[in-house]
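Subject: Structure handover

Hello,

Please find the structure below, followed by notes on what was found in it.

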Amino acid sequence: MANIISDETIDYVGILAKLELSEEEKEQAKKDMGSMLDYIDKLSELDTEGVEPMSHVFHVSNVFREDVVTNGDDREAILKNAPEEKDGMFVVPRTFE
Amino acid sequence: MSIVSMTAVELAAAIKKHEVTVKEAVEAVLDNIEKKEDTYHCYVTVDREGALKQAEEIQKKIDDGTLNGPLAGVPVAIKDNMCTEGLLTTCSSKILYNFVPTFTSEAVLNLQKAGAVILGKTNMDEFAMGSTTETSAYGVTRNPWNPEHVPGGSSGGSAAAVAAEECFYALGSDTGGSIRQPASFCGVVGLKPTYGTVSRYGLIAYGSSLDQIGPLCKDVTDCATILETIASHDSKDSTSVERQDTDFTSALVEDVKGMKIGIPRDYFGEGLNPEVKEAVLKAAEVLKEKGAIVEEFDLSLVEYAIPTYYTIAAAEASSNLERFDGIKYGYRTEEYQGLHNMYKKSRSEGFGAEVKRRIMLGSFVLSSGYYDAYYLKALRVKALIKKAFDEAFAKYDVILGPVAPTTAPKIGESLSDPIQMYLGDIYTISINLAGLPGLSIPCGTDSKGLPIGMQLIGDCFKEKNLIRAAYTYEKARGAFVRKEEN
């Protein structure tokens with residue numbers, strides 16, 4: 001395998017991805033990511049010098065519309081989906097001591 | 001003919017002529033669901049009560065003339081990644097196990113305006129990441145042609161529900177083949193429209209630059225009719241395209257005289273099952289006999305489509321799936337210390353293995369130091385792939401090839417080797433990268449009796465060429481009927 005993924009890399013990606021992997025999952029992730037990157041490295045065979053990256057297949061420019069509220073007050077229905085709710089607000093763990 | 005064997009357009013016509021009531025149609029299909037769901041498991045949620053209630057309301061509107069379109073009164077199944085107000089929408093993930101949307105996706109809304117009865121939500125690969133419907137957190141769906149085999153994916157529940165007559169038609173979504181491949185494996189018609197044709201508003205995002213909603217149905221007439229109904233310009237989706245040419249049923253014409261069809265040699269090389277190859281080439285021969293000009297050509301870059309796709313799709317997925325944080329909706333872990341630990345634990349417990357694999361890869365290719373080498377490189381190759389198609393469509397009206405290298409694999413055979421599984425997407429994936437429309441239509445069965453699909457690919461906004469070619473082929477082929485297993 002050409003791409004060896006270190007423990008540090010997996011831990012770092014875990015932070016970016018907000019995922020907590022078990023030791024077993026980490027080992028599997030190292031293996032999977034290594035082989036995926038080996039596979040993706042195939043793209044380096046192609047000369048893309050001077051080719052503009054294409055993020056969208058059609059030409060799109062900013063799409064503007066008037067900033068007018070069209071939806072109603074769905075607060076109650078939306079909060080029904082919240083794992084925890086209090087006084088019409090989402091409850092989150094304490095972030096400041 | 002039994003009610004459930006009718007196509008969507010046939011049923012709507014029968015309802016209009018008062019030969020069948022909407023309630024009778026809904027009851028017939030609900031009975032069929034009850035009979036077959038234990039075997040196939042096409043649905044995550046069946047809304048029995050809701051469907052019967054809708055039937056009553058829609059019947060009234062048909063009777064008083066408010067609803068008179070070609071799909072009025074016809075029951076439909078919706079892939080479980082499209083939001084439906086008041087109806088559980090899980091994306092087949094544990095992380096959305098209790099999510100009840102407060103709004104309905106635009107494509108579904110368009111169907112409801114046309115008088116569709118929503119039967120329920122179909123099973124899929126978790127967050128549409130997979131090709132077999134085996135990554136669902138709610139169990140596997142089985143192929144109605146042979147329950148030991150997968151229905152394909154990720155819209156496997158939708159394709160199987162159409163094949164098993166557990167609905168009259170269904171909506172699916174296609175990011176790298178997720179409508180066309182299950183349509184092929186289940187012997188039904190499926191179409192991924194040109195990017196931007198159907199609004200993505202309310203479609204739970206996977207790879208936003210690639211996702212499109214489209215129909216899975218029994219024949220080409222249904223396909224054109226459904227597409228005509230769901231296509232709309234929507235200011236709520238900033239990538240929605242304003243099109244004036246959405247009268248897709250006008251292309252239901254039995255005539256391909258002079259149509260130029262290109263067969264990419266690169267699609268018929270190593271890795272293609274010989275039975276699939278033979279069936280697809282035979283179908284091309286049929287179109288040639290009907291007057292099409294069929295020739296082989298080299299498309300090029302085919303082997304680069306999969307690594308390009310998985311880089312871009314994983315990058316977009318890692319960003320799109322950041323919204324699942326255990327705060328606003330969905331699953332939250334039981335025990336945690338502080339905010340970040342809560343995020344991490346909720347996500348790690350809520351997402352399945354394939355979803356985590358793609359989020360990790362996506363986070364990596366977007367991370368500082370690797371962004372240029374992987375993500376930007378993939379976007380550059382995407383531009384080259386698009387150019388290769390542009391050159392092909394300067395010569396041809398339609399590109400014809402297989403949908404997948406094989407017929408449906410057995411359940412349990414695919415997930416162990418991700419790269420091997422990704423290779424199965426080789427003929428469908430580049431179409432999403434280039435934003436093109438692609439249609440899958442049954443063109444035979446293999447020696448095991450499993451269906452084979454032919455793929456017709458068009459230039460952007462040229463769905464009508466695909467519909468015309470598929471309709472002409474379908475007339476020549478005749479009925480494609482599943483042998484009912486017992």
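Of the 486 residues in chain B, 62% are buried; a residue is called buried if 20 or more other C-beta atoms lie within 10 Å of its own, exposed if 12 or fewer, and partly exposed in between, with C-beta atoms placed from the backbone. This is a predicted model, in which local features need pLDDT of at least 70 and side-chain atom pairs count only at pLDDT 80 or more, while totals for chains, interfaces and linings use all residues. Residues are numbered from 1 along each chain as its sequence is written, and chains are lettered from A and ligands numbered from 1 in the order in which they are written.

Chain B overall

A compact globule of 486 residues would have a radius of gyration near 23 Å, and the 21 Å of chain B agrees with that. The radius is taken over C-alpha atoms, and the globule rule is 2.2 Å times the number of residues to the power 0.38. Along the principal axes, the C-alpha atoms of chain B fill a box of roughly 65 × 55 × 45 Å. Chain B has 15 helices and 11 strands; these are DSSP runs numbered from the N terminus, with helices being H or I of at least four residues and strands E of at least two. Among contacts in chain B with a separation of 6 or more, 76% join residues 24 or more positions apart. Two residues are in contact if their C-beta atoms, placed from the backbone, lie within 7 Å.

Contact between the chains

Chain B gives 53 residues to the contact and chain A gives 39 residues. On the side of chain B that touches chain A, the elements giving two or more residues are α9 (305–320), α10 (338–350), α11 (353–365), α12 (371–395) and α13 (418–423). The largest share of that side, 11 residues, comes from α12(B).

Across the two chains, the axes of α1(A) (residues 7–17) and α11(B) come within 9 Å and cross at roughly 100 degrees. The two helices are therefore roughly perpendicular. Axes are lines fitted to C-alpha atoms, for helices over the stretch in contact, and angles run from 0 to 180 degrees between N-to-C directions. Angles under 35 degrees count as roughly parallel, over 145 as roughly antiparallel, 65 to 115 as roughly perpendicular and the rest as oblique. Val13(A), Leu16(A) and Ala17(A) of α1(A) meet Ile359(B), Met360(B), Ser363(B) and Phe364(B) of α11(B). This contact has six nonpolar, one polar and no charged residues.

Helices within chain B

Six of the eight residues of α4(B) (residues 106–113) are buried, so the helix is largely enclosed by the rest of the structure. The cover over its buried residues includes β2 (75–79), β4 (169–174), β6 (212–217) and α7 (220–230) of chain B. Just after α4(B), Gly115(B) takes a positive phi of about 90 degrees.

The axes of α7(B) and α15(B) (residues 463–477) come within 9 Å and cross at roughly 160 degrees, which means that α7(B) is roughly antiparallel to α15(B). Val220(B), Cys223(B), Ala224(B) and Leu227(B) in α7(B) meet Glu463(B), Ile467(B), Ala470(B), Tyr471(B) and Glu474(B) in α15(B). By class, that contact has seven nonpolar, no polar and two charged residues.

Loops and backbone geometry

Gly152(B) sits in the loop between β3 (117–122) and α5 (156–163) of chain B. Gly152(B) is buried, with 35 other C-beta atoms within 10 Å. Its C-alpha atom is separated by 7.9 Å from that of Ala183(B), 31 residues apart along the chain. Ser154(B) is found in the loop between β3 and α5 of chain B, and the peptide bond from Gly153(B) to Ser154(B) is cis, with omega near 10 degrees.

Most residues other than glycine have a negative phi, and most peptide bonds are trans. Asp87(A), in the loop between β1 (85–86) and β2 (89–90) of chain A, has a positive phi near 50 degrees. Asp87(A) is exposed, with 5 other C-beta atoms within 10 Å. His18(B) has a positive phi of about 60 degrees although it is not a glycine, and is exposed, with 9 other C-beta atoms within 10 Å.

Regards

Technical notes. Nonpolar A, V, L, I, M, F, W, Y, C, P; charged D, E, K, R; others polar.
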